[in-house]
Amino acid sequence: MSTIVVVGSGMMGSALAVPLCENGHHVRLVGSPLDREIVEHGRKTNEHLTMKRMMPENVSWYYIEEVKEAMEGADLYINGVSSFGLDWFIQEMLPQIPEDLPVLSVTKGMVNYPDGSLKSYPEIFEESTEKKISFNAIGGPCTSYELADKDFTEVTFCGRDMTTLRWIKSLFETEYYNISLSTDVRGVECAVAMKNAYALGVSLAVGMSYKREGKEFEHYNSQAALFGQSVMEMIHLLELCGGDASNIRLLSGDLYVTVFGGRTRKIGTLLGTGMNFQEAMERLSGVTLESIVIATRTAEAIRALIANGKVKAEDFPLLLHVDELINQGKTVNVPWKAFEYELEK
C-alpha cells in the first residue's frame with residue numbers, strides 16, 4: 001500500500017482521503033498555516049472541523065511545521081491549498097518536494113498575462129522550478145462533502161504522462177469515485193477554472209428570483225438561460241485556450257454541481273438580490289471564494305484580447321457583466337438581449 005501526503009487540509013484535499021483509505025492507503029493530512037484549528041480538532045477527534053465528517057482511521061494529522069516528517073517515504077504529494085495559496089505553495093512548498101515525488105493538485109485556477117493568454121496552474125508549477133517533477137491535477141464535478149459521503153462521482157485527472165496518470169488513478173478509483181484521464185492539461189484546467197466564474201453568473205438568477213418573490217423561491221427559466229449562455233461562452237474560452245472539445249463534458253458538469261452545491265452560489269445569489277459586491281462579501285465574511293479570483297483573471301484576459309482585436313465583447317456578455325459586479329461596483333443588470341443570436345444555415 002502507498003503513503004499519500006496532502007498539504008492543505010481544507011475540504012477537498014481532505015475528502016480525497018476517503019477513497020484512498022478505502023483502498024488501503026495511508027494518508028497524512030498536513031494543515032497549511034491557515035488550518036491549525038482543523039489539525040488540532042482532527043488530532044483530538046479525527047473529525048474534519050469544517051467538513052463535519054469523521055475521517056478514516058488510517059489518516060494522520062500534521063501541522064505545517066511537521067511537513068518534512070509527513071513527506072518522508074511518501075509516494076504521492078497532493079497539493080490541497082486553494083488558489084489563494086498559489087504563491088505560498090510555489091515559494092514555500094515547491095522547493096521541498098523531491099524530484100521523484102509526483103504531485104496531484106486540487107487547486108483550480110488560471111493565470112492571465114498582459115497579452116490575454118491564460119496558463120494552467122500545473123504549467124505555472126513547471127515554470128517555477130528546475131526540478132523535473134510530474135505535476136498532475138484533478139478536474140470535474142465534485143463537491144468535497146459528497147465525495148466524503150461516497151456519492152457517485154466522475155472526475156478527470158490530467159498530466160503530461162499517461163503512465164503516471166494510470167498509476168495515480170489506481171490509488172483512488174473505487175465504485176463511487178470514477179476517473180477519466182487526459183494529457184490535455186490546459187484544456188482540463190481551463191474548463192474547471194472557468195466554471196467557477198460562470199457559476200456565479202448563473203446564481204444571479206437565484207437571487208433575482210428571491211428578490212422578485214420576497215422569499216426563497218426559485219425560477220428555472222432564468223437559471224437555464226444563464227446556464228446555456230455560460231456554456232456557450234466557456235466553449236469559446238476553451239477554444240481560445242487550445243483545449244480539446246471533449247472537455248465540454250467537464251465544464252458543463254462542473255458548472256452544474258457548482259451552481260447547485262458550491263460556495264460560489266452564495267455570492268451569486270446575494271449579488272442577484274441587488275447587493276453590491278462589497279456588501280455581499282461582508283455578508284459572507286470568512287468564506288473562501290476562488291470564483292472571484294478566477295472571474296477577475298479571466299475577464300482581464302478577455303478585455304486584453306478585445307483590446308488587441310482578437311475577440312469581440314459581444315461574445316462574452318455574461319462574463320463581462322460578472323466582472324462589472326465584482327470589480328466595478330455595479331449592481332445586477334443581466335444583459336438578456338445580448339444573449340440572443342441568429343443562425344442561418
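Okay, let's start with helix 9: it is mostly covered, with 24 of its 29 residues buried. Keep in mind that this is a predicted model.

Helix 9 does have a kink, about 30°, centred on Asn196. And just after the helix comes Gly214, with a positive phi of about 75°.

Now, a partner. For helix 9 and helix 15, which is residues 317–327, the axes come within 10 Å and cross at roughly 85°. That makes helix 9 roughly perpendicular to helix 15, because angles of 65 to 115 degrees count that way. On the helix 9 side, look for Ala197, Tyr198, Leu200, Gly201 and Leu204; on the helix 15 side, Leu318, Leu319, His321, Val322, Leu325 and Ile326. Sorted by class, that contact has nine nonpolar residues, two polar and no charged ones.

Last bit: phi again. Most residues other than glycine have a negative phi. Asn46 isn't a glycine, yet its phi is positive, about 65°. You'll find Asn46 in the loop between helix 3 and strand 3. Lys52 isn't a glycine either, and has a positive phi of about 60°; look in the loop between strand 3 and strand 4.

Which of these is buried or exposed? Asn46 is buried, at 17% relative accessible area, while Lys52 counts as exposed, at 54%.

How values were computed: Residues numbered from 1 in each chain as written. Predicted model: local features only at pLDDT ≥ 70, side-chain atom pairs only at ≥ 80, totals over all residues. Heavy atoms only, no water. Bend = angle between axes of the 7 residues up to and from the residue. Helix = DSSP H or I, 4+ residues; strand = E, 2+ residues; numbered from the N terminus. Buried < 20%, exposed > 50% of the residue type's maximum accessible area, 1.4 Å probe, protein only. Axes fitted to C-alpha atoms, helices over the stretch in contact; angles between N-to-C directions. Parallel < 35°, antiparallel > 145°, perpendicular 65-115°, else oblique. Contact = heavy atoms within 4.5 Å. Nonpolar A, V, L, I, M, F, W, Y, C, P; charged D, E, K, R; others polar.
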